[in-house]
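Subject: Structure handover

Hello,

Please find the structure below. My notes on it follow.

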Amino acid sequence: MTGITYYPVKGCAGTELSEAELTSTGLRHDRTYAIADEKGDLRWQWGDPGLALITPESAEGELTLRAPGREPVRADSADVHDWLTDVLGAPSTLVRSPDGNSGRLHLVSRASLDALNHRIAERGGTALPMNRFRPNLVVDGWDAPHTEDGAARLTIAGTELAFTEDTIRCAITMVDQRTGRRSGPEPLRTLADYRRADGGGVAFGAYFEVRRAGRVAVGDEVVVGSRTSPAAASRSA
């Protein structure tokens with residue numbers, strides 16, 4: 001495993017970790033908070049790409065928000081709502097995420113990204129970084145792209161994960177996470193060529209639930225314990 005990232009505030013930048021605790025609900029503190037507009041609807045990156053430039057940092061149980069050109073603000077301060085409003089240019093409020101991380105982990109393999117970038121390069125495009133897909137776990141060392149699609153169970157150190165569903169991608173993947181600006185049409189244009197899902201949309205990556213909790217670290221081996229049906233595996237062609 002080459003990457004562990006959690007997202008304390010839904011839609012905002014992630015925090016990379018060298019090791020982490022997997023609980024029954026996923027990575028601890030993942031997507032604990034969200035940002036709502038004046039109507040109470042949650043903001044998301046395609047509508048508010050500037051969310052990508054807000055970097056939450058957690059230390060000793062306190063969450064601090066940072067953004068380029070702004071003084072940092074504590075999440076529990078009275079100033080946090082005005083700070084978010086200023087950064088995003090519209091009334092915004094920090095709220096507890098209603099669904100948190102939904103008890104699941106988002107996993108993408110490096111082989112899958114390499115295969116996608118190869119196809120993008122063939123049509124004259126520029127390779128995309130992994131952060132376009134905002135995974136919790138990044139796995140390297142698998143020879144076949146989209147191995148995550150057909151992995152019914154995975155073990156990492158002392159933990160065990162179970163496949164729940166493919167990740168259906170949306171327009172957020174076209175937001176440049178470095179600049180906080182919309183950029184397109186990749187990856188959705190190329191994914192539409194070969195990763196169409198049966199229920200609609202395009203699939204890239206997979207969601208897993210934690211069946212056995214524990215600690216994981218970058219460098220841990222990710223072992224495919226069992227596989228799904230051949231029909232599910234065929235989606236990765």
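Predicted model: local features only at pLDDT ≥ 70, side-chain atom pairs only at ≥ 80, totals over all residues.

A charge is said to sit over a ring if NZ of Lys or CZ of Arg is within 6 Å of the ring centre and within 35 degrees of the ring normal. By that rule, the charged end of Arg119 sits over the ring of Tyr194, 3.8 Å from its centre. Arg104 likewise lies over the face of Tyr207, at 3.6 Å from the ring centre.

Residues are numbered from 1 along each chain as its sequence is written, and side-chain values use heavy atoms, with hydrogens and water left out.

The sheet

Helices (H or I, at least four residues) and strands (E, at least two) are DSSP runs, numbered from the N terminus. Two strands pair if DSSP finds at least two bridges between them. An open sheet of 8 strands runs in the order E2-E1-E11-E10-E16-E13-E12-E18, and its pairing is mixed. Strand E2 (15-17) and strand E18 (222-227) stand at the edges with a single partner strand each, so one side of each has no neighbour in the sheet. On average, neighbouring strands of this sheet are turned by 35° against each other, direction ignored; axes here are lines fitted to C-alpha atoms, for helices over the stretch in contact, and angles run from 0 to 180 degrees between N-to-C directions.

Strand E13 (residues 159-168) and strand E16 (residues 203-212) pair in the antiparallel sense over 7 bridges. The bridge partner of Ala162 in E16 is Glu209. Helix H2 (residues 110-122) packs on the sheet and touches strand E10 (105-109), strand E11 (137-139) and E16, its direction making about 55° with that of E10. Contact means heavy atoms within 4.5 Å.

Aromatic pairs

Rings of Phe, Tyr and Trp (its six-membered ring) pair if their centres lie within 6.5 Å; planes under 30 degrees apart count as stacked, over 60 as edge-to-face and the rest as tilted. The structure holds 2 aromatic pairs. The rings of Phe133 and Phe204 have centres 4.4 Å apart and planes at 35°, so this pair is tilted. Phe133 lies in the loop between H2 and E11 and Phe204 in strand E16, so the pair ties together parts 71 residues apart in sequence.

Phe163 and Phe208 form an edge-to-face pair, 5.8 Å centre to centre with 85° between the planes. Buried means under 20% relative accessible area, exposed over 50%, partly exposed in between (1.4 Å probe, protein chains only). Phe163 is partly exposed at 22%, whereas Phe208 is buried at 0%.

Regards
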